[in-house]
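Dear colleague,

I am handing over a structure for you to look at, and my notes on what was found in it follow below the model.

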Amino acid sequence: MSARILTLVGSLRAGSTNRGLAEAARTIAPEGVAVELYEGLGDVPFYNEDIDTEATLPEAAARLRAAVAGADALLLVVPEYNGTMPAVLKNAIDWLSRPYGAGAITKKPVAVIGAAFGQYGGEWAQAEARKAAGVAGGSVVEDVKLAIPGSLTRFAETHPSEDAEVLTGLSAVLASLTAAVTATATA
């Protein structure tokens, strides 16, 4: 089966380790699976119901919704900022959850991974992202876990795509997410 997985990276920094994880996922995607990195999360204004109307919907929010609606699954790549996920990613989830019950994320398979400097690899942020995506209507693939600790030192001189352990973990994540897409399509 073919699958289109859209990746939302919670760090806006060009040299982000989490962006590197998303790039690595794109390069090792199995045949028939396209992993695409969404560009433009930083352009999406903070969610405000007053501007979420047909007449006033910001173009950046409309682009995000259309990109997610056209994908088979979402891969959220989450750094940890002060013990939780970055505001830019939470904001994207908020936009994707509307209209309530019929947002672009509704019933879409979602996997959450990430890297962080701390010893737990951003597990708190990932838990928050899973919770928010699930409440927003996404079908969170709970058995997918990839939290990479010590990211600043581990990837100081290497890209995540050059780390065999990371590639093994990413392969397992993509396999689980693709299986969730298949299960959703046949349900």
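**Pocket, aromatic pair and salt bridges**

The largest pocket has a volume of about 180 Å³, where a pocket is an open set of points on a 1 Å grid over the protein atoms alone, fitting a 1.4 Å probe and having protein on both sides within 12 Å along at least five of seven lines, and where the volume is the space filled by probe spheres set on the points, which are joined across faces, edges and corners. This is a predicted model, in which local features need pLDDT of at least 70 and side-chain atom pairs count only at pLDDT 80 or more, while totals for chains, interfaces and linings use all residues. Residues are numbered from 1 along each chain as its sequence is written, and side-chain values use heavy atoms, with hydrogens and water left out.

The lining (residues with an atom within 4 Å of a point) includes K90, D94, R98, E128 and K131. Helices α3 (87-96) and α4 (123-135) each supply at least two of the lining residues, and the largest share, four residues, comes from α4; helices here are DSSP runs of H or I with at least four residues, and strands are runs of E with at least two, numbered from the N terminus.

The structure also holds one aromatic pair, pairing being counted for rings of Phe, Tyr and Trp (its six-membered ring) with centres within 6.5 Å, and planes under 30 degrees apart counting as stacked, over 60 as edge-to-face and the rest as tilted. The rings of Y47 and W95 have centres 4.7 Å apart and planes at 75°, so the pair is edge-to-face. Because Y47 lies in the loop between β2 (33-37) and α2 (59-69) and W95 in helix α3, the pair ties together parts 48 residues apart in sequence. W95 is buried at 0% relative accessibility, whereas Y47 is partly exposed at 22% (buried is under 20%, exposed over 50% and partly exposed in between, with a 1.4 Å probe and protein chains only).

There are eight salt bridges, each a side-chain nitrogen of Lys or Arg within 4 Å of a carboxyl oxygen of Asp or Glu. One of them joins E39 to R19, with the closest N and O atoms 2.6 Å apart, and this pair links the loop between β2 and α2 with helix α1, 20 residues apart. R154 forms a salt bridge with E165 at 2.8 Å, and R154 also meets D163 at 2.8 Å, N to O.

With best regards
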